[in-house]
Amino acid sequence: MGKQLLLENINVPGIETLSVYRANGGYKALEKALKMQQSEVVDEVKKSGLRGRGGAGFPTGMKWGFIAKPEGVPRHLVCNADESEPGTFKDRYLMQHNPHLLIEGMILSSYALGANTSYIYIRGELLYVYHILEKAIQAAYDAGFLGDNILGSGFNLNLYCHLGAGAYICGEETALIESLEGKRGNPRIKPPFPAVSGVWGRPTVVNNVETIAATVPIINMGGEEYAKIGVGKSTGTKLISACGHINNPGVYEIELGLSCEEFLFDDKYCGGIKNGKKFKAVVAGGSSVPILPADLFLKTAKGEPRLMSYESLSDGGFISGTMLGSGGFIVLDETASIVKNLWNFTRFYHHESCGQCSPCREGTGWMEKILNRILEGKGKQTDIDLLFDIQSKIDGKTICPLGEAAAWPVASAIRHFRKEFEEYVNKPEEIVDVKHYYAVNNLQQSAK
Amino acid sequence: MPKVTIDGVEIEVPKGTTILQAARMIGKHVAPPAMCYYSKLDVSGGYCRTCIVRVTKGSAANPNPMPKPVASCRTEVMDGMVVENFTSEQVLADRKGVVEFLLLNHPLDCPVCDQAGECSLQDLGYENGAEKTRYDFERRTFEKIDIGPKIQLHMTRCILCYRCVHTADQLTEKRVHGVLNRGEVSEISTYIAANIDNELSGNVIDVCPVGALTDKTFRFKSRVWFTKPVDAHRDCKKCAGKVRLWFKGEEVLRVTGRKDQWGEVIDWICNECRFDRKNLSDWIVEGPSRIDPHSVISQNQYELAKLKLDTGEQLKKIKEKK
Ligand SMILES: Cc1cc2nc3c(=O)[nH]c(=O)nc-3n(C[C@H](O)[C@H](O)[C@H](O)COP(=O)(O)O)c2cc1C
Ligand code: SF4
Ligand code: SF4
Ligand code: FES
């Protein structure tokens, strides 16, 4: 195992309580940060090379640097804990077991940004985690880590936890802001960006749970030390939630730059494919990222071993690469149907589209219907090209990246596994999955 | 003031002008179609994506092209920006895709739709659409509902442009009109199933680009191309009183706001002028309305439209002009 910066104490009994968290070195980073200048804290994060862990990988220090600072206008830090991307469950794991790590990160990051009111926007389905966080926040208030004049530093912070209401789109940062303001969760049209006009029109930074948690070890060890972990511009550690046909599903903290082969096959991590089956494909960074066939996951098109890092996973662009994304790692073995998997993703995006812009609103539904038809064994040869064409007309033409998230899986599945689509279309009677499809679909129909 | 070049034509515009506005200042031959932007609304645009263009040069300071097509109604010009609209094959192809999406679930019931003849979607479809749909699934439908006694909403035809929502936001005090549900099944509705009892509510009919919001006092009375528009005014305490009367013979069949060359109302009008003043004696007639070649009611519109599609021709013309 590599360095465990976020999960180090995750299994310590009682770590969710303030006293055990403190006994294990908790709130040291906060104490240290409060003795620094605000700009020095920002500088440490810049030096660390930390990149947003919510999916896009945007450098966090740079994002913090963009925040507008008009005189007399409050600023806000919002933690994006809406984690709803299929395959991604790292934030939940972290918050559920070690809530104070996030809270400590929130306090020191708010200090760095000069925010006196901050929010954790948490996915509605995670009600039990919400209660864990609320309890931890109360404990932090009681201990003087929140509220007025924190640890005698003169810095004030109120931290609120806000429950979402079950919409994936509210994970998109501007939809999240709308929802936080009590409005319909529609993504805003940018610009202006949240750094200029976010919550209630005030300068706002939205960061992922893991991003904020990572500021704690960064302050503890110093940005430069943190930057020594990893490769190139992929510094530090990353949580990966691994699932699918593997022996050891779960959440792992890896040092960025770990070889893909080691991550998938080593017993310390995924432990290889379940039941001795063959490895077929992987969706390496949450359902939105392009699917990769086994060979292209293990080696890049140039034949170099692929690494778990932002750069290496995206090597080859979308033709032969993918993205690190949010770290949702879904492994498919030889028995898995790519078409069915795609149908499931597409169904999800169709259901979650907010409906503001025409390409995503109409295109996602159309793609799902075509995939439905193909799975039913009634697909046409032309459906495959049609699907590809529809996704290309969504890609890049929407208000928010959900449109792309719906388009990329379709493009990559057809690009790499066209044969499977053709089998469905040409010899539906030979595909066992068609029967399965009916089972799933009947279930769905009876649920209506 | 920033200078921007659109389809080869340069123009200097005030800071804060959007690409769409700059294109409209140049003229029809470079202005992208806009189904959701509305110049009279404080907030609008960004939703339909028909106005997308390519920015091939971001600005003089940062000459990089923008990686994705942008919504021209929501993108401000920068000094030295270069934009391609009708001169880019890619833009036309992208727009065609958007139009296909807009028409995907549209019922295409033009023969029985009051909007036919002055429908922006009809025009858009004619200019940018395909001859046949590739969509062979059932289209979504909704029940018709009444929004107050004078307005009918037929959601099945709605393209979710949000114009009526922003109009209601801007013109009415209590917001009871908005979007319910999500995604494909979003619908425009009244949050409270009560009458919209507001003096200006009728304006949502004028802003609706399609036949989703219609005037119940005019429904099924006549095809619009059989009626004759006349500009008229009256002394009204609630609005500017500047309207357009639509005659069939001697009879005023309907009253609407006056629309500009982009098909957008010039002044909001009140419900009294719109619904309750249908006698010629109520009005001082100014003369026949000039209808810009915007819609089917204007003859030869489609001949012109064909020209627009011919990008090679378009390019040549622009070059000749230079
Ligand atoms: C449809 C959609 C859903 C998203 N969901 C999440 C989410 O659940 N959690 C998250 O941190 N970021 C999510 N994002 C990314 C956020 O918009 C934003 O980029 C992120 O919160 C920024 O934090 P970071 O810089 O720390 O990564 C989502 C984006 C989109 C387009
Ligand atoms: S891309 Fe989809 S989810 Fe995003 S704003 Fe458009 S319709 Fe809404
Ligand atoms: S009812 Fe008309 S104006 Fe309102 S959103 Fe639908 S199409 Fe637009
Ligand atoms: S007019 Fe610009 S997006 Fe609709």
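This is a predicted model: local features need pLDDT of at least 70, side-chain atom pairs count only at pLDDT 80 or more; totals for chains, interfaces and linings use all residues.

Which domains does the domain assignment of chain A give?

A: The domain assignment of chain A, with bounds from an automatic or database source, gives domain 1 (18–228), domain 2 (231–333) and domain 3 (338–447). Residues are numbered from 1 along each chain as written, chains are lettered from A and ligands numbered from 1 in the order written, and side-chain values use heavy atoms, leaving out hydrogens and water.

Within chain A, the C-alpha centres of domain 2 and domain 3 lie 24 Å apart. Contact (heavy atoms within 4.5 Å) joins 16 residues of domain 2 of chain A to 13 residues of domain 3 of chain A. Together these two domains of chain A bury about 1,200 Å², as accessible area (1.4 Å probe) lost on being put together, summed over both parts. Carbon and sulfur atoms account for 68% of that area.

The rule finds one salt bridge across this interface of domain 2 and domain 3 of chain A, a salt bridge being a Lys or Arg side-chain nitrogen within 4 Å of an Asp or Glu carboxyl oxygen. A:Glu420 forms a salt bridge with A:Lys280, with 2.6 Å between the closest N and O atoms. Polar contacts (N or O atoms within 3.5 Å, one able to donate a hydrogen and the other to accept it; sequence-adjacent residues count only through side-chain atoms) link five residue pairs between domain 2 and domain 3 of chain A, both residues at pLDDT 80 or more. On the side of domain 2 of chain A that touches domain 3 of chain A, at least two residues each come from strand E10 (279–283), strand E11 (292–293), helix H14 (317–320) and strand E13 (328–333) of chain A. By class, that side has twelve nonpolar, three polar and one charged residues.

Chain A also meets chain B. The contact takes 34 residues from chain A and 33 residues from chain B. About 2,800 Å² is buried between the two chains, with 53% of it on carbon and sulfur atoms. Eight salt bridges are counted between chain B and chain A. A:Arg373 forms a salt bridge with B:Asp136, the closest N and O atoms being 3.1 Å apart. On the side of chain B that touches chain A, helix H2 (89–104) and strand E8 (177–180) of chain B are the elements that give two or more residues. H2(B) gives the most to that side, with eight residues. The residues on this side of chain B divide into 16 nonpolar, seven polar and ten charged.

As to confidence, the model scores ipTM 0.92 and pTM 0.93. Chain B has a mean pLDDT of 89, and 89% of its residues reach 70 or more. Over residues 299–309 of chain B, however, the pLDDT is below 50, although this stretch has 21 contacts in the model beyond near neighbours in sequence.

Terms used. pLDDT is the predictor's confidence in each residue, from 0 to 100. Helices (H or I, at least four residues) and strands (E, at least two) are DSSP runs, numbered from the N terminus. Ala, Val, Leu, Ile, Met, Phe, Trp, Tyr, Cys and Pro count as nonpolar, Asp, Glu, Lys and Arg as charged, and the others, Gly among them, as polar.
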